Amino acid sequence: MSGKPRLIYLNGRGRMETIRWLLAAAGVEFEEVYLETREQYVKLIKDGSLLFQQVPMVEMDGMKLVQTRAILSYIAGKYNLYGKDLKERALIDMYVEGIADLMQMILTFPFSPPDAKEKNIESIKERATNRYFPVFEKVLKQHGQDFLVGNKFSWADVQLMEAILAVEEKVPAVLSGFPQLQVFKTKMSNMPTIKKFLQPGSPRKPPPDAHYVETVLKVFKI
Amino acid sequence: MSGKPKLYYFDGRGKMESIRWLLAAAGVEFEEEFLETRDQYEKLLQGGSLLFQQVPMVEIDGMKMVQTRAILSYIAAKYNLYGKDLKERALIDMYVGGTDDLMGFILMFPFLSAEDKEKQHAFIVQKATSRYFPAYEKILKDHGQDFLVGNSFSWADVHLLEAILMVEEKKSDVLSGFPQLQAFKARISSIPTIKKFLEPGSQRKPVPDDKYVETVRRVLCMYYDLKAN
C-alpha cells in the first residue's frame, strides 16, 4: 500500500477530472484504477466499496470517499486550499458551485444526440459569457489580486482554470471579452504544479471521445 | 435591520427548503421574502443581488449568499452541525450528497407531465429503497449510535430526516424494510427545534402544488419542459 490517494473511475474525464486537477494542483501524487467492464463495477458494488453504488470513489486516509463534492472539499481542506476562515470558505464554495453548474453542461455534452450538439455548444457559450465568466472577471477586477479569494491560491482558482480550458475546447475565442480572465489563465498556467499537470504525460485526461462514451454506457448499463 | 438571516425564494419548498430545515434545526430565526412576480426577480437581478442570477439567495452575516450547498455548508459550520474535524466533515458531506441526489429526483416532480409523474414516482421509490435508504440503514446499524456522524447531531441527520419525510409523502410505508431509519426518524423528529419545525405554523412549506409550479415558471420563465429521469 503506497499511501497515495487511489482514484476509482473510468479512463476519462467525467466527474473525476476536477478531483485530478485539485490533487495535482496541491502537488499530491495519486494512483488510478480504471473501470473498463461492467463486471469490475458490479464487483465494486458487491464488495461494498461504493456507498451509493456510484463513482467517483477515492480511497484516501483510510476512507472510501464518494460524492464528488465531498471528495473535493476534503482535499481542499486537507491541503489548505479552502481559505482561512468560514467567510472565505463561503466565497470559495459559492464560486466552485457556480463553476460546477457550468461544468455540468460540459459533462453531459458527449452524451447528447448528434443533432443537439450545436445547440448545446451555443448554450455553453451563452452561459459562460453571460452568467459565469462575467462574475469572475468582476471579482478579479475589483480586488486586483492574483487569486479569487483572500489573495491566496485556493480550490476556486483551480476549478475556474479547469472550466476556462474546458469551455475553450468548445468555444476557442470565449475569453475574448474577458481580459482579467486571460491574465488569470496565464498566471495559473505558470504555477509549477499546474504547469506540470498541463504537460503531456500527466494524469490529465483528454476530451471525451466515442470510446469513452461507449465505455460509460456499457459499464453503467445506461 | 433585524440581524436575522433573510431568505429570498418562492413561497414553496424547492431548493430553499433544506436551508429552512437547517436553520430551524439550529434554532435560528429567519425572515423570508417571497418571489411572486417576474418584476421582483428582475429587480433583484438588476440590483446585483444574485451572483449567478439565481435563487436561493440568503442574506446572512453581511453576505448575499447563493448556491444552496454553499449556504448550507456555511450554516452547518457556523452552528456546529458539521462534525468536529475534517474526516467527520467528509462523512457529513458524503451523506448529504446522497440525500441531496435523492431529494433532487423529488424536486423536479411537480414540474412533470402526469405521465412522467407516474414514471418518476416509481423511480424515486426504487432509488430510495434500493440505493439510499439501505446505505443509511447500514451506517446506523454498524455504529449503533443515535446520529449519523460522530455520535453528535449534525447537518447529515437533518438532511436525512427531510429526505425520509419527502419520500414518505410519495409512499407512506416506504420505511417498512428499514427499522433503523424508523427509529432514527422518531428520534430526530423529537429533537425540540425539529419538533417545533414539524408543527403547524412553522416556516416549513407544504408539498408543492400547481400554483407553486405556475409561480416558478412565471417568475423564472423556465422549466416548461422537464422530463422524468
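## The interface between the chains

Across the interface of chain A and chain B, the rule finds zero salt bridges. Polar contacts do occur there: ten residue pairs across the interface of chain A and chain B meet in this way. This is a predicted model. The contact draws 32 residues from chain A and 33 residues from chain B. Between the two chains, about 2,900 Å² is buried, and carbon and sulfur atoms give 62% of that area. In chain A, the most area lost to chain B belongs to A:Phe52, A:Met94 and A:Arg131, together 22% of what that side buries.

Which elements of chain A each supply at least two residues of the side that touches chain B? They are β4 (63-66), α3, α4 (86-108) and α5 (117-143). The largest share of that side comes from α4(A), with ten residues. By type, the side of chain A that touches chain B holds 15 nonpolar, seven polar and ten charged residues.

## Domains from the record

UniProt, in an unreviewed entry, lists a "GST N-terminal" domain at residues 3-83 of chain A. Over residues 3-83, chain A is 36% helix and 20% strand. The end C-alpha atoms of this stretch are 26 Å apart.

An unreviewed UniProt entry also lists a "GST C-terminal" domain at residues 85-209 of chain A. Here chain A is 67% helix and 0% strand, with end C-alpha atoms 41 Å apart.

## Helix α3 in both chains

Is A:Ala76 buried or exposed? A:Ala76 is buried, because its relative accessible area is 0%. It sits in helix α3 (residues 68-78) of chain A. Leaving aside residues up to four places away in sequence, A:Ala76 touches A:Leu22, A:Leu81, A:Tyr82 and A:Trp155. A:Ala26 is 50 residues from A:Ala76 along the chain, and their C-alpha atoms are separated by 8.4 Å.

In chain B, ten of the eleven residues of helix α3 (residues 68-78) are buried, so the helix is largely enclosed by the rest of the structure. Among the buried residues are B:Arg69, B:Tyr74 and B:Ala76. Just after α3(B), B:Asn80 takes a positive phi of about 60°.

## Salt bridges

Side chains of opposite charge can pair when their charged atoms come close. Over all chains, the rule counts 35 salt bridges. One joins the side chains of A:Lys4 and A:Glu29, at 3.2 Å from N to O. A:Lys4 lies in the segment before β1 (6-9) of chain A, and A:Glu29 in the loop between α1 (17-25) and β2 (31-34), so the pair ties together parts that are 25 residues apart in sequence. A:Lys4 is partly exposed at 35% relative accessible area. A:Glu29 counts as exposed at 53%.

In chain B, B:Glu32 forms a salt bridge with B:Arg20, with the closest N and O atoms 2.9 Å apart. The pair links strand β2 (residues 31-34) and helix α1 (residues 17-25) of chain B, and its two residues are twelve residues apart. B:Glu32 counts as buried at 19% relative accessibility, and B:Arg20 is buried at 0%. B:Lys64 and B:Glu59 form another salt bridge, at 3.8 Å between the closest N and O atoms. B:Lys64 is partly exposed at 39%, as is B:Glu59 at 25%. In chain A, a network of salt bridges links A:Glu17, A:Arg20, A:Glu32 and A:Lys205.

Note on methods:
Residues are numbered from 1 along each chain as its sequence is written. Chains are lettered from A and ligands numbered from 1 in the order in which they are written. This is a predicted model: local features need pLDDT of at least 70, side-chain atom pairs count only at pLDDT 80 or more; totals for chains, interfaces and linings use all residues. Side-chain values use heavy atoms; hydrogens and water are left out. Helices (H or I, at least four residues) and strands (E, at least two) are DSSP runs, numbered from the N terminus. Buried means under 20% relative accessible area, exposed over 50%, partly exposed in between (1.4 Å probe, protein chains only). Contact means heavy atoms within 4.5 Å. UniProt positions are given in the numbering used here, feature names are shortened, and annotations may be inferred rather than shown by experiment. Buried area is the accessible area (1.4 Å probe) that two parts lose on being put together, summed over both. A salt bridge is a side-chain nitrogen of Lys or Arg within 4 Å of a carboxyl oxygen of Asp or Glu. A polar contact is a pair of N or O atoms within 3.5 Å; within protein, one must be able to donate a hydrogen and the other to accept it, and residues adjacent in sequence count only if both atoms are side-chain atoms. Ala, Val, Leu, Ile, Met, Phe, Trp, Tyr, Cys and Pro count as nonpolar, Asp, Glu, Lys and Arg as charged, and the others, Gly among them, as polar.
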